Amino acid sequence: MSKGEEVISEALKAEERLVSDWYVLTPEGVLHPLDRFDFEGYEKLKKFADYEVRKSRAVEQEPPHVTLMRSLELVDYEPASDPGNLRYYPKGRMVKALLEEYVTSKVHEYGGMEVETPIMYDMKHPSLAKYLHRFPARQYIVESDEDRYFLRFAACFGQFLMSHDATISYRDLPLRIYELTRYSFRREQAGELAGLRRLRAFTMPDVHALCRDLAQAKREFKRRFKLCVEVLRGIGLERDDYELGIRVTEDFYRKNRRFVNSLVRMHGKPALVEMWKERFFYFVLKYEFNFLDALDKASALSTDQIDVENGERYGIVYMDEDGRQKHPLILHCSPSGAIERDIYALLEKAYLDMKGGRPPMLPLWLSPTQVRLIPVSEAHVKAAEATARLLNRRGIRADVDDREETVPKKVRDAEREWIPYIIVMGEKEMASNLLPVRVRREGEIRDMTLESLVNEIRREVRGMPWRPLPLPLRVKERPRFVG
Ligand SMILES: [Zn+2]
């Protein structure tokens, strides 16, 4: 791509001109104009509304998770790449991989068929060229000989092109296709990039559902709404951690009021509604769960849409019961949002905990080290190591701090790493059945047998994916990635 030239989609330009009416919709189904809603008790919704109406995406201040992602040696900027393309250290790779595996397993349970599609597409392909202009994002362009390709900004086209070539009957609907894209690319403006919050390359679980008609689409949409709530809960984000934003055309809302209300009822607290007089985009309804961070910035996590255009645009057809070919409606859902954003949300949430006087932590199933053993002296290293190996064999990530440091320093370092369980091992502990376990969440030491510790951890991480320790068992043998 020549310098100075940029592909800006028509949809992006339209978005800048877009006039919206804003409302708050309550679980009881009352639609309040934004300026007449009493936000008492809904301070986070108020912050979300302020952020949305202002539409300012500029980053004035570094969000707190950026310091944390580096100090925990999870993720870092990569100066040799384009901004917004990050590097993952072993611990960060493990956290990201577990999240990827978790979301994927939930989509499998839901019935998503996993596929894989290319990351770049021909700008001249007729369906794609049009779609490009219907999607509000800037693209990376790749040149190959005389041809130009854009890097995908979502998994949509790959799945649509596949669906176009498939033979589909009404019996196959809803047809659920899933891909976890590593990566999708969007050339976000440089001033809007921030740590893990807004990136140019991101990992996006993307599950589409081809639906027969609006009735089926609405049923499926509600099912996926529940899936999104469940996925976020598993990740460690509860309903209080996010706000529901609904975007809808006036026409769709008028004709489907009960359905839209039912979403807010499932959410159980008021939602922000953006209403458009006419349809600018390819969808008539969309929602997101938005996380509000320490700087009061909102970021979309889970999302779903009802797409009324692309079935036809991509020539996707199914054979209906009456023997006629018809275009399906398409739902576009990411049950978790970008995986990077989930890490961002967990880190920002931990930061807010820290500010509130609670110990910051990652969920236990995502903690790179779950148990740290600290030998009192050289003489206890072997015993500590044996205990750690035993724990690892039982599916618990345990390591040993065998460095020549004082015990208090090692405890402090383990705390700085947010390790959930810390055990100092000396003569007494080696001789006894009971271990003094520092339980981070409780801020105190509890005497536990190894067996009860194993059971406690296993109970908490049950059903979640597992990966082994991302670094050598002995802390002495680990490089330092962040200086
Ligand atoms: Zn899509």
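Which residues does Leu373 touch, not counting residues up to four places away in sequence? They are Ala384, Thr387, Ala388, Ala398, Val400, Ile423 and Met425. Touching, or contact, is taken as C-beta atoms, placed from the backbone, lying within 7 Å.

Some ground rules. This is a predicted model, where local features need pLDDT of at least 70 and side-chain atom pairs count only at pLDDT 80 or more, while totals for chains, interfaces and linings use all residues. Residues are numbered from 1 along each chain as its sequence is written.

I start with the domains. The protein chain is divided into domain 1 (10-355) and domain 2 (364-477), with bounds that come from an automatic or database domain assignment. Their C-alpha centres lie 38 Å apart. Domain 1 puts twelve residues into the contact and domain 2 puts in ten. On the domain 1 side, helix α4 (residues 90-110) gives the most, with ten residues. Helices here are DSSP runs of H or I with at least four residues, strands are runs of E with at least two, and both are numbered from the N terminus. That side of domain 1 divides into seven nonpolar, two polar and three charged residues. Nonpolar means Ala, Val, Leu, Ile, Met, Phe, Trp, Tyr, Cys and Pro; charged means Asp, Glu, Lys and Arg; the others, Gly among them, count as polar.

Next, the core. The largest nonpolar core has 122 residues, and Leu232, Ile246, Ile306, Leu373 and Ile423 have the most contacts inside it. Helix α7 (residues 214-235) supplies the largest share of this core, nine residues. Both domain 1 and domain 2 contribute at least three residues each. Such a core is a set of buried Ala, Val, Leu, Ile, Met, Phe, Trp, Tyr and Cys residues joined through C-beta atoms within 7 Å. Buried means 20 or more other C-beta atoms within 10 Å of the residue's own, with C-beta atoms placed from the backbone.

Now α7 on its own. Its 22 residues should span 32 Å at 1.5 Å a residue, and the end C-alpha atoms are 31 Å apart, which agrees. The expected span is 1.5 Å times one less than the number of residues. The buried residues of α7 include Phe221, Phe225, Leu232 and Ile235, and also Lys218, Glu220 and Arg224. After the helix comes Gly236, with a positive phi near 120°.

Strand β18 (residues 371-375) runs parallel to β20, joined by five bridges; two strands pair if DSSP finds at least two bridges between them. Pro375 stands opposite Met425 in β20. On β20 (residues 421-425), five of the five residues are buried, so the strand is largely enclosed by the rest of the structure. Tyr421, Ile423 and Met425 point one way and Ile422 and Val424 the other. In a regular strand the side chains alternate between the two faces of the sheet. Strand β21 (residues 434-439) runs antiparallel to β20, with three bridges, and Val437 is the bridge partner of Ile423.

Is Gln305 buried or exposed? Gln305 is buried, because 21 other C-beta atoms lie within 10 Å. Leaving out residues up to four places away in sequence, Gln305 touches Phe283, Leu285, Lys286, Leu331 and His332. Its C-alpha atom is 43 Å from that of Arg480, 175 residues away along the chain.

Conventions: Buried ≥ 20, exposed ≤ 12 C-beta atoms within 10 Å, placed from the backbone. Contact = placed C-beta atoms within 7 Å.
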